[in-house]
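Welcome, and thanks for taking a look at this one. Please keep the viewer open while you read, since the notes below move from loops to sheet to rings.

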There are 2 protein chains.
Amino acid sequence: MLAVILQQNPPPGETSYKHSVSVENIPIPKIEAGQVLVKLQAAAYNHRDEFIRNGLYPGIQFGSTLGSDGVGIVVDGDDELTDQRVIICPGVGWEKDPRGPEGKYRILGLLPLPGTFAEYIVVPRKDVFPAPAHLSIAEAAALPLAGLTAWRATFTKANVQSGDYVLITGIGGGVALTALQFAVSVGANVYVTSSDDNKIKRAVELGAKGGVNYKNDAWPNHLRSLLGSNLLHSIIDGAGGPLHPKYPALMRLGGIISVYGMTVAPQVTFTMSAVLKNVDLKGSTMGSRAEFEQMVRFVNEHRIRPIVSGVWKGLTKENVEAAYEVMRNGKQFGKLVLEFDAAQKL
Amino acid sequence: MLAVILQQNPPPGETSYKHSVSVENIPIPKIEAGQVLVKLQAAAYNHRDEFIRNGLYPGIQFGSTLGSDGVGIVVDGDDELTDQRVIICPGVGWEKDPRGPEGKYRILGLLPLPGTFAEYIVVPRKDVFPAPAHLSIAEAAALPLAGLTAWRATFTKANVQSGDYVLITGIGGGVALTALQFAVSVGANVYVTSSDDNKIKRAVELGAKGGVNYKNDAWPNHLRSLLGSNLLHSIIDGAGGPLHPKYPALMRLGGIISVYGMTVAPQVTFTMSAVLKNVDLKGSTMGSRAEFEQMVRFVNEHRIRPIVSGVWKGLTKENVEAAYEVMRNGKQFGKLVLEFDAAQKL
């Protein structure tokens, strides 16, 4: 089968990333007891895949098959599931403890775990869930890790409820967009930030009440005028960086800042103003299998369709790199998906 | 009656604080419906009283009677309470919402509210509670604001439970010591930090399992060796400042850092390491009347006796300033109390 493998040294002239990838032909993995073999139909990219190529992720293992998000058809290991389309819970070792993983937590896409950028994957039976029927293959591929991360950040950590005023920063990324859809679905009043006015406009089409461009230093005042007399119950942030000291003044007492990533800078400042307002700053990473189940149920109930920014058809080096290139430039609005059209590739 | 009044300009030569205080003879206040008149027997100092004199507190009003903590005898306004010893809930405008005050929140000791550094005070009937019978007058005076702040930081925010491993920073202050007593009372394993080995020794006498001197750069390793294979469930911090980036590595997944003040520096850094461990950093300020009631019940049940570091007898300028001097030097281990011995003063 074809698989996208992480390689230590980029070929001469390839300098976009610290590490390179190659598309290799490797054996289809064998199943053991309690496992299923899934013939993957599509996989989606996450920032994690980029961090790994940049050497900025813990536990990097060369020779890993990359990719954490996948959708496919069960072809062996469980008679009931055979021929069913499933999505895969991307994390292993975290059953249900809301505080964090009970065991050693790992995400698909780094050894010793397999990855989804491949034609087949073997995973535990308990890690596959029926793909929501209202989703296309690309939408289903886009759901797992962004949906799980957004679920935990939005509900477990930020406790977003109907009527809340919520700010979601950096709209356009997969987690931010999914958090927007989740929060809108429960009846929250959602505002967004972006450096791109067009992304704000598209977020409003998805149900946001409005948004502000954080490249304009007056963004806090712009947001205040959108909020009127309301203050924010929560902020869902994947950027980190220097905007944090501005947040407490926009928040109500006991507000929650849920941070699921720090793409802008790897730390934030928490001020005495936040303490005086009883603000909580909560770190949020991925989520448990129990949260994954809750998330999939919610997506089914609310007919949520993940936003797909681009689809490349065919597991080729060219397509893999083209999607990486879009992610590196940060212009996407939604998830980047590789569809594996067998007819094209084998 | 005598009262300690905040004055704008220090007398010539008095430079320890930005603002000065004077002991004045002012009229005994009158009660209105729903209020009681309390003849105060003692009052305790808080860092807040020092911040006010340094001009570092919001809403400073010259002419205010200072002091947030008081114990005394009800002398008018409620027949059932008359002649009973009571302590006073120091905050107004916060009934029970765990997120923060429902209304405008104010603490005794700044206009328009009265203060406890006076021989009498008028407060709402609902703000007085029977002083725990096992406490001396000085211990009862030491309880209210430190007890309330420690309660919220320890239980409402950090959710400390039996068997938890808990670090309390800057042991010696009133809130830190009360948090130590609270956490030990529920069966937590408590460790402390201080810059003073003698304070660590005294904390161990109060039930701490051990402590480390944070002036030694190797303090994280010292704490690790005390903890053995255990990691911290929570950290209760009133210092803020540069030690925060060291905390996540000492904590278990989903750990909580509860910050009730920032005496060292008015901000802290929250890192990606904290996000990856699902750590929550929670601001905590004072507490509601409901939390005050819970706290007083707990103090009665567990026979907790606030630690009193020093008592000055008599409401004189000399005594007031002597206690301020001790607080400024930070050498106290517990609360500083002024007892109002009427025979001495009137």
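Does Asp83(A) count as buried or exposed? With a relative accessibility of 62%, Asp83(A) counts as exposed, because the cut-off for that label is over 50%. Please bear in mind that this is a predicted model.

**Backbone geometry in the loops**

- Asp83(A) is not a glycine, yet its phi is positive, at about 75°.
- You will find Asp83(A) in the loop between strand S4 (69-76) and strand S5 (85-88) of chain A.
- Met286(A), also not a glycine, has a positive phi of about 45°.
- The loop that holds Met286(A) runs between strand S16 (280-283) and helix H8 (289-301) of chain A.
- Met286(A) has a relative accessible area of 13%, so it is buried.
- As background, most residues other than glycine have a negative phi, and most peptide bonds are trans.
- In chain A, the peptide bond from Leu111(A) to Pro112(A) is cis, with omega near 15°.
- Pro112(A) belongs to the loop between strand S7 (106-107) and strand S8 (120-124) of chain A.
- In chain B, Leu111(B) and Pro112(B) are joined by a cis peptide bond with omega at about 10°.
- Pro112(B) sits in the loop between strand S7 (106-107) and strand S8 (120-124) of chain B.

**The sheet and its helices**

- An open sheet is formed by 12 strands with mixed pairing, in the order S12(A)-S11(A)-S10(A)-S13(A)-S14(A)-S16(A)-S16(B)-S14(B)-S13(B)-S10(B)-S11(B)-S12(B).
- The edges are strand S12 (210-213) of chain A and strand S12 (210-213) of chain B; each has a single partner strand, so one side of each has no neighbour in the sheet.
- From one strand to the next, the twist averages 15°.
- Within chain B, strand S10 (residues 165-168) and strand S11 (residues 189-194) pair in the parallel sense over four bridges.
- Opposite Ile168(B) stands Val192(B) in S11(B).
- Helix H6 (residues 219-227) of chain B packs on the sheet, where it touches S10, S11, S12 and strand S13 (232-237) of chain B. The direction of this helix makes about 170° with that of S12(B).
- In chain A, helix H5 (residues 197-205) lies across S11 and S12, and runs at about 170° to S12(A).

**Aromatic pairs and charges over rings**

- Over all chains, the count of aromatic pairs comes to 26.
- Why is the pair of Tyr165(A) and Tyr191(A) stacked? The planes of these rings are at 15° and their centres 6.3 Å apart, and planes under 30 degrees apart count as stacked.
- Tyr165(A) lies in strand S10 (residues 165-168) and Tyr191(A) in strand S11 (residues 189-194), both of chain A, so the pair ties together parts 26 residues apart in sequence.
- Tyr165(A) counts as buried at 16% relative accessibility, and Tyr191(A) counts as buried at 6%.
- Trp219(A) and Tyr247(A) make an edge-to-face pair, with 6.0 Å centre to centre and 65° between the planes.
- This pair links distant parts of the chain, 28 residues apart: Trp219(A) is in helix H6 (residues 219-227) of chain A, and Tyr247(A) is in the loop between strand S13 (232-237) and strand S14 (251-259) of chain A.
- Both Trp219(A) and Tyr247(A) are buried.
- Tyr17(A), Tyr45(A), Phe117(A) and Tyr324(A) are linked by ring pairs into a cluster.
- Arg53(A) lies over the face of Tyr324(A), 4.5 Å from the ring centre.
- In chain B, the charged end of Arg53(B) sits over the ring of Tyr324(B), 4.5 Å from its centre.

**Cysteines**

- The count of disulfides over all chains is zero.
- Cys89(A) is buried, with a relative accessible area of 2%, and Cys89(B) counts as buried at 2% relative accessibility.

**An exposed lysine in chain B**

- Lys30(B) is placed in the loop between strand S2 (20-25) and strand S3 (35-44) of chain B.
- At 72% relative accessibility, Lys30(B) counts as exposed.
- Leaving aside residues up to four places away in sequence, Lys30(B) touches Gln35(B) and Val122(B).
- From C-alpha to C-alpha, Lys30(B) and Pro124(B) are 12 Å apart in space, while they are 94 residues apart in sequence.

Definitions and conventions: Residues numbered from 1 in each chain as written. Chains lettered and ligands numbered in written order. Predicted model: local features only at pLDDT ≥ 70, side-chain atom pairs only at ≥ 80, totals over all residues. Heavy atoms only, no water. Phe/Tyr/Trp six-rings, centres within 6.5 Å; stacked < 30°, edge-to-face > 60°. Helix = DSSP H or I, 4+ residues; strand = E, 2+ residues; numbered from the N terminus. Buried < 20%, exposed > 50% of the residue type's maximum accessible area, 1.4 Å probe, protein only. Lys NZ or Arg CZ within 6 Å of the ring centre and 35° of its normal. Disulfide = S-S within 2.5 Å. Pairing = 2+ DSSP bridges. Axes fitted to C-alpha atoms, helices over the stretch in contact; angles between N-to-C directions. Contact = heavy atoms within 4.5 Å.
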